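Please look over the sequence and the structure shown here before reading on.

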Amino acid sequence: MTKLELAPKGILIAVGGNEDKGTYPRDKKQFHLNFFELGILKRIIDAMGGNEAQVEVITTASMIPEELGALYLHAFEVLGCKKVSVMDIRDENDAQKPEYLERLKKASGVMFTGGDQSRLFRIFSGTAFHHILLHRYHHENGFVIAGTSAGAMAMSDIMIKGGSSQRSLLKGSVKLDRGLAFQENVIFDSHFVKRGRFGRLMEAVATHPFKIGIGLGEDTGVMITQGNVIETIGSNLVIVVDGHHIKHNNTSYAAPGTPLSIENFRMHVLAFGNYYDIRERRFCVGAKQLAKETE
């Protein structure tokens, strides 16, 4: 099989948190972006097929699932999408319920909300629900898995489950665990620019140097197609950390709490409309450059 044949047919959308949910500004002229046209939730709806899409919001990661579910229902409705439901899955037994499995099989896509990414792995990993998600993402054109904050961080096979930004780049400041493995060649971090999480993503990548680190700014995300091509969406920045060219790296033998020493990281800063090819590790300013270089 070729790499293209092995590529997922679905779409992955990872968001850094605090996405604009459709709150229409009173005076739109004072804003640089028209959130209704450039907003992330609008892009998610479009990726799922438009306003007739059947969207399932999954609030499992949150400790306030009812409040958050209501917020997303309203947000999608404001944006014109009427077929939206909330899956209130709170434990492993819920993730096996036939009613949820049937709804998942019929959905155009799912949206994982924020909260605790470890809950997502603990509750979904290895369940029938998880297997259906993986199968649809890999084999069905246009099926969308979207997630914000914790919902984004849980998408990779190696997941950041916690860690101090203040102590970043001291050995052990980042806590890693297994994720849901929708995307196997990256590590996501969220709320990235505002919370200064550069150091903890760098440590995560130094620990797994053949992964690409993707730091998602707030109200910003990436749309990944074919499991490989990143398009930046939203109003802020995406930081890409590439450890493939690291030379000196003491991460494996440094004592806990001591400074890390890492040579030759590569970093890219992506704004709205920029692209990044994960497989070729190539930055592209826009779609035209990406198309030209992949001919």
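Is aspartate 219 buried or exposed? With a relative accessible area of 10%, aspartate 219 is buried, because buried means under 20% relative accessible area. The structure is a predicted model.

## Two residues with positive phi

Most residues other than glycine have a negative phi. Aspartate 219 is not a glycine, yet its phi is positive, at about 50°. This residue lies in the loop that runs between strand E9 (212-216) and strand E10 (220-225).

Histidine 191, likewise not a glycine, shows a positive phi of about 45°. Its place is the loop between strand E8 (186-189) and helix H9 (198-207). The relative accessibility of histidine 191 is 7%, so this residue counts as buried.

## The four-stranded sheet

Strands E8, E9, E12 and E13 form an open sheet, in the order E8-E9-E12-E13 and with mixed pairing. E8 and strand E13 (266-270) stand at the edges; each has a single partner strand, and therefore one side of each is left without a neighbour in the sheet. On average, neighbouring strands here are turned by 20° against each other, direction ignored.

Within this sheet, E9 pairs with strand E12 (residues 238-242) in the antiparallel sense, over five bridges. Isoleucine 212 is placed opposite aspartate 242 in E12.

## The nine-stranded sheet

A second open sheet is built from nine strands, ordered E3-E2-E4-E5-E1-E10-E11-E14-E15, and its pairing is also mixed. Strand E3 (84-87) and strand E15 (282-284) are the edge strands, each pairing on one side only.

E10 and strand E11 (residues 229-234) pair over six bridges in the antiparallel sense. Threonine 220 stands opposite glycine 234 in E11.

Conventions: Residues numbered from 1 in each chain as written. Predicted model: local features only at pLDDT ≥ 70, side-chain atom pairs only at ≥ 80, totals over all residues. Heavy atoms only, no water. Buried < 20%, exposed > 50% of the residue type's maximum accessible area, 1.4 Å probe, protein only. Pairing = 2+ DSSP bridges. Axes fitted to C-alpha atoms, helices over the stretch in contact; angles between N-to-C directions.
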